[in-house]
Amino acid sequence: MKQLIIDSLRIEGLSTHDIETDAPLFGEGLGLDSIDALQLVVGMENAFGVVVPDAAVGTKVFQSVRTMADYIAQHAA
Amino acid sequence: MICFMFPGQPLSRPVPAAGDPDAAELAAMVARVAGLDIAGFRWLSGEGSENVKLQVSGVADSLHRLRRLRRYEGPPGLVAQHSMGIYAALVACGALREEEAIEVTWRVGMAMTPLQREGEYALGCVTGLTEDPLLALARNHRIYLANHNTSRHFLLCGKKGDIAAAVEEAGAIGAFSSRMFDCDAPLHTPLMAPVAGELNEIFAGYRYRDPWSRLMNHLDQRFLTREEIAPFMLRELMAPVYWERTYRALRREGVTTFYEVGSGESLRKYNRWIEVQGGE
């Protein structure tokens, strides 16, 4: 999941060890924004076939690496 | 080849670099030319809106970054701009001096402010929908597509009530996100017409020099000559920004490295989206 974030967002100089599993991804955490959110939606869909339908669901899914993993575990075919 | 790309008005106040001599020099220039105290984010003389403060601070921030970037990269092969990024971009390619860019930004911001009296305008930021449904939405709600940033990132502009309805409908027809923001003026739409005469006078009042780096305009992706700069500055405030087309044209010209010369990373992120999507 951490690698998916790094690859989808093309974050240079960041390794999976730099991302905390429960740290917030938006705002004070990784500092992601709405442009990043849509990029992550596409990345998740391509990698796992899981759809995040809108920003309201996205706000919950993209709280942290853990919430992303939980969402995929619940929705992957 | 290197491209310096200049973003438009920042959404929030850029943080001034404390103790930096270049930042101090530019802050003094802004105070003298525009009457704005950047550090305190307040007007020293006259009155202007919060948006004008952001416009002037944004250009000063870009000019500060430009000074630093030039020291280790030298002049860029190409310069590109998004919206009000044009004023700092003109400095990057040698067509205007720093002081002139700050002054023109401030004068344009002040000239646009009376449009608030024409009606309450707003912006609608929509992600996830493609261009066709948004064009239909714009027609139905009598609003405009002001920014075509990527295949899925658009900015709508128009009367506040119409934007509110359009943003709601965008959500209902499948947008990933759709949000409304207040603005002073209906930038990048024909609704700017009431101040076109005054803006034209402002732009015609400067002596532009031949660009020493090629400056690509975002409307038709051609390179601006000295004579074309003033007409373009007016035209771009009344027409949409086409960033995706511009990015693709820059790549075709051979640009391999992009520097975003301003606060935020929106242009870098749009470029990333365009690259990932691929195709033409």
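How many residue pairs are in polar contact between chain A and chain B (both at pLDDT 80 or more)? The count is six, a polar contact being a pair of N or O atoms within 3.5 Å; within protein, one must be able to donate a hydrogen and the other to accept it, and residues adjacent in sequence count only if both atoms are side-chain atoms.

This is a predicted model, in which local features need pLDDT of at least 70 and side-chain atom pairs count only at pLDDT 80 or more, while totals for chains, interfaces and linings use all residues. Residues are numbered from 1 along each chain as its sequence is written, chains are lettered from A and ligands numbered from 1 in the order in which they are written, and side-chain values use heavy atoms, with hydrogens and water left out.

**View 1. Chain A meets chain B.** Here 18 residues from chain A and 17 residues from chain B take part in the contact, where contact means heavy atoms within 4.5 Å. About 1400 Å² is buried between the two chains, 60% of it from carbon and sulfur atoms; buried area is the accessible area (1.4 Å probe) that two parts lose on being put together, summed over both. Look for A:Ile35, A:Leu38 and A:Gln39: they supply 43% of the area that chain A buries against chain B, more than any other three residues.

**View 2. A salt bridge between the chains.** A:Asp36 pairs with B:Arg272 in a salt bridge, with the closest N and O atoms 2.7 Å apart. Between chain A and chain B the count is three salt bridges, each a side-chain nitrogen of Lys or Arg within 4 Å of a carboxyl oxygen of Asp or Glu.

**View 3. Two helices packing in chain B.** Helix H10 (residues 243-252) of chain B packs against helix H11 (residues 266-277) of chain B at an angle of about 75 degrees, and their axes are 10 Å apart. H10(B) and H11(B) are therefore roughly perpendicular to each other, a label for angles of 65 to 115 degrees. Helices are DSSP runs (H or I) of at least four residues, and strands (E) of at least two. Among the residues that meet are B:Trp243 and B:Tyr247 in H10(B), with B:Leu267 and B:Ile274 in H11(B).

**View 4. Around B:Cys125.** B:Cys125 sits in strand S5 (residues 121-127) of chain B. Not counting residues up to four places away in sequence, B:Cys125 touches B:Phe154, B:Leu155, B:Ser177, B:Ser178, B:Arg179 and B:Phe181. The C-alpha atoms of B:Cys125 and B:Asn147 are separated by 9.3 Å, and these residues are 22 residues apart along the chain.

Conventions. Axes are lines fitted to C-alpha atoms, for helices over the stretch in contact, and angles run from 0 to 180 degrees between N-to-C directions. Angles under 35 degrees count as roughly parallel, over 145 as roughly antiparallel, 65 to 115 as roughly perpendicular and the rest as oblique.
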